[in-house]
Amino acid sequence: MAIIYDSVIVDILLLSIAGTVAFYLYFTRNFNYWKKRGVVFSNPTPLFGSLKDLFLQRDSMGGFLMKEYEKHSGQPYFGLFSVDKPAFVVRDLDVTRNILVKDFEVFQDRSISVDEQTDPLNAKGIIVQKGKKWRYIRMKLTPTFSSNKIKNMFGLVDAKAAELAEFVEQQSLRGNTISVKEISSGYTIDVLASCAFGVNANAINDGNGEFPKILRMIFEMKTIAIIKQTLVVFLPWLANFLKLKVSGNDVDDFVRKTLWDVVGHREKNGIKRQDFVDLLMQLRKGEPFLEQTINDGTKVADQQERRSITNKNDVLNIKLDDDDYAAQAHSFLIAGFHTSANTTSFALYELATQPDMQTRLRQEILDVLDKHGGKITHDALTEMTMTLRDYKIPGTNIVLEKGTSVFIPLLGFHNDPKYFPNPKEFNPERFTLENRKSIPNYAYMPFGEGPRKCIGMRFGLITVKTGLVHLLSKFEVRPCQQTLIPLVLDKTAAMLTTSDTLPLAFTLYIYFTRNFNYWKKRGVHFTKPFPFFGNLKDMFLQRDSFGGLLMKEYEKHAGQPYFGLFSVDRPAFVIRDLDLIKNILVKDFNVFMDRSNPMDEKIDPLNAKGIVGQKGKKWRYIRMKLTPTFSSNKIKNMFGLVDAKAVELADFVEQQSLRGNTIPVKEITAGYTLDVLASCAFGVNANAIVDRKAEFHEILRQIFEMKTIDLIKTNLAFFLPWSVKYLKLKLTNDHVDNFVRKTLWDVVAHREKTGLVREDFVHLLMKLRKGGEDIEETKNDATENWTMTTTRLKHIVFYSLANTTSFALYELATHPDLQTRLQKEIISVLNKHGGEVTHDSIGEMTYLDMVISETLRKYPILPFLDRRTLRDYKIPGTNIVLEKGTPVFIPLLGLHYDPKYFPSPNEFNPERFTLENRKSIPNYAYMPFGEGPRKCIGMRFGLMKVKTGLVHLLSKFEVRPCQQTKIPLVVDKTAMMMTTEDSMPLTFNRIKT
């Protein structure tokens, strides 16, 4: 039935036209708003206002505002239309300051309006909350994000960053490209879950866990979610009318349940964690806010921030319900998740596409970590607001009416060439301390400014920085085939993010080759390295020992004063020049005091605390205290103990020779050395000469028998020092450590109980414990240090001098004329002393000293010396600077076999060491015990032990090769110290008198 005209069709048509006109007029009613006020604006489109591209998903809000910002260049501000509502966009920095700071009370609230009844967790959270309630909540939450609280939470963040690096390593070893957006999200979720809720989300390893699913529900921008979010932001009245929720009930229920389950558990068990949940618990109990602003470790700036947003009269009557508390946890997840995850992703992308900057950053990271002992520590979009009352723009007649939305286009500011030249270029140099001064205030505001500045800024930055440090200290990041260059941003997202998962390659290969131009850039000769091995390929493949490898490199670089190597990926410096060696070991000793021992005292105290591996002040102190034990007089006093064991050695050899047995020289000299050390150091009888299964013998075998796993651990510790802490490497097992501790302290206890005094190593230790002055260490630390020093020194002396005795016997067995000459000297001197072997009689045997000196030339105890630079060091007479932490090697084997210093070096010739010939050997060309303040402290004791053993054997026996003797000797290429592959079997025949 027609109403207006006789035709229903006509009525419908007229009503449709009228409705359309009314609809059009309603949505265009304000389109002259800015024109009337003399404000420049962009022409709006009916139904969309200025946001057509945003509604049609052609651009994001941030991208759209940046284009409008550029379009209105030269204007201090301009107008837009948010659908039908006028909105004001600020370009001028002074106006920006007024809105965010100076006139903050007028612009306190954000323009987003969410209904508390429909969507309580979004409406009540600190991000959306308004007025007095926002002031109250902000004031209450501020202590959680103080500098001190963030520092206290660093350990939780660091643990998750370590998990992130471990996950990336596993994926990279499998050859997988890494979805950076996904792993950054997983890492951020894990950090937030741990620091905010005290739970382990395991999102890095399991992207389908409950926490990742919930965050995906919030941030995955499906069409319906985009429509809801757009209506909430730009048509809040319609969103409220339709009762739209930004996040679903599943999300709200999960946040509530997680929060209150944690609260219930803590209240039941009395747990305190100084985190976000603890603060919410305190707020629920009604603790007055004024108490929280005092003495909480917060910096003055934090307290001033709280005062700027706090008015006691405003907040006294504020009451919060459980959803108010849950809403803050919800806000913490929303605000912290995408921001930190995306910043980490974008940083990795930029560094991947700009390798020079990545290299510079990695070097800084590695340098700082080295300074802190390899430890990672704490000590190493659009801002939217709304007018709450009419506001007159200073210096103009323009009045912003109450309720007008005001936008500050951060992306526009940050890409304005007036403030940031070449803004599209990624250039960290803009933010040097000096260059920061040239950036105007309010031109750079990644976290906003003023009282509503992001409360979690510090927490977000520490999350991003910690993750990047863990990744970049271990990996090179590079674009892969799937990486989109340039980046493609998601135009549907409110926050800046990419449209893809940002796939990148994390490669250990590139990481291990990153320094291979190091020596070339510095003009130092070097041998071309291999990826993953550096110059140590033959060593890692067990084709040569490190000492043998250095000797070959020494010969290869003949004529050079020094040359470079690569210890896997680290540049190392090797010295050939004797004057430079003198500088390193003596003249500039303070720069090269430490060895490159990387062992961690907590993981492997025995190796880390001993005098061989000890560093700095502790080494000086221990060395000073130990030196009296090895004085000439003390060594002479211990001669009787050594002589008794040498007699036992000769007796054992005689028994074996009478039975017609060949003698495994390497084993019997090890037993003899072990018995001497056990007696002189600990005052116990090890009985290792006779019983090779004795406990002392078994323990030493566990230390020095190089099984494959032991070789791997030793090489990793020495040549990849960062792996020690990462893999928790221990060079000796707990059984060894416990045996040594028990043996030492059992002896100490026995002596203290009985009053027994024995001028030996243990006696010195006891005196030090009773009255020794400590250097920055507790009594327990001192006790442990002395235990480990005793142990490690004993190990080194054992292994080295047992081998010296063996090598001397081998050379004499294969050179009978030299052996005969030495035997004549020994017998002649002994006859002079009534047939007795004494300290003085051995001192008269000059040819014996020559034989041992030549043995130590051909078979130095350690085939190389190692040092580490404690600060940058300029090589005298050059422009070459050894950077702090550079390993420095002195190839003793190379020096001892250099024909320039020792003609026919492969020949065993004791004549090199006559008193006359010694004068022709240049200083520092012959250093079997090292030189300088770090010269082997046990040299005298070791030489006395070797000489005494040889005198007892050679005065009674003639030594000859047997059928099993390998001629020439075959050196063990897997050992760090010089030793043979076999037991060195020889025949001992009694001398007929």
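Hi everyone, let me start with a pair of strands: β8 and β9 (residues 503–507) run antiparallel and are joined by four bridges. Strands here are DSSP runs of E with at least two residues, helices are runs of H or I with at least four, and both are numbered from the N terminus. Two strands count as paired if DSSP finds at least two bridges between them. Within this pair, Val 477 has Phe 506 in β9 as its bridge partner.

Before I go on, a word about what we are looking at. This is a predicted model, so to speak of local features I need pLDDT of at least 70, and side-chain atom pairs count only at pLDDT 80 or more, while totals for chains, interfaces and linings use all residues. Residues are numbered from 1 along each chain as its sequence is written, and side-chain values use heavy atoms, with hydrogens and water left out.

Back to the strands. β8 and β9 belong to an open sheet of three, in the order β3-β9-β8, with antiparallel pairing. At the edges sit β3 (178–179) and β8 (476–479), each of which pairs on one side only.

There is another open sheet of three strands, in the order β12-β18-β17, and its pairing is antiparallel. Here the edge strands are β12 (663–664) and β17 (957–961), each pairing on one side only. Which helix packs on this sheet? It is α32 (residues 639–658), which touches β12, β17 and β18, and its direction makes about 60° with that of β17. For that angle, axes are lines fitted to C-alpha atoms, for helices over the stretch in contact, and angles run from 0 to 180 degrees between N-to-C directions. Contact, by the way, means heavy atoms within 4.5 Å. Inside the sheet, five bridges join β17 to β18 (residues 985–990), and the two run antiparallel. Pro 961 stands opposite Leu 986 in β18.

The criterion is NZ of Lys or CZ of Arg within 6 Å of the ring centre and within 35 degrees of the ring normal. Elsewhere, Lys 537 lies over the face of Phe 530, at 4.5 Å from the ring centre.

Now to β1 and β2. Strand β1 (residues 77–82) pairs with β2 in the antiparallel sense over six bridges, and Phe 81 stands opposite Pro 86 in β2. The hairpin has two residues between the strands, and Val 83 takes a positive phi near 65° there. β2 also has a parallel partner: three bridges join it to β7 (residues 405–409), with Val 89 bridged to Phe 407 in β7. Is β2 enclosed or open to the outside? Five of the six residues of β2 (residues 85–90) are buried, so the strand is largely enclosed by the rest of the structure. Buried means under 20% relative accessible area, exposed over 50%, and partly exposed in between, with a 1.4 Å probe and protein chains only.

On to the rings. How many aromatic pairs does a search of the whole structure find? It finds 27. Rings of Phe, Tyr and Trp (its six-membered ring) pair if their centres lie within 6.5 Å; planes under 30 degrees apart count as stacked, over 60 as edge-to-face and the rest as tilted. Phe 807 and Tyr 859 are stacked, at 4.0 Å centre to centre with 5° between the planes. Phe 807 lies in helix α39 (residues 779–814) and Tyr 859 in the loop between α42 (846–858) and β13 (865–868), so the pair ties together parts 52 residues apart in sequence. Both residues are buried. Phe 864 and Phe 889 have ring centres 6.0 Å apart and planes at 75°, so that pair is edge-to-face. Ring pairs also link Tyr 33, Trp 34, Tyr 77 and Phe 88 into a cluster.

Finally, Cys 936. UniProt lists this residue under "binding site" in an unreviewed entry; such annotations may be inferred rather than shown by experiment, and the position is in the numbering used here, with the feature name shortened. Cys 936 is found in the loop between α44 (915–918) and α45 (939–954). At 30% relative accessibility, Cys 936 counts as partly exposed. Leaving aside neighbours within four places in sequence, Cys 936 is in contact with Arg 623 and Phe 929.
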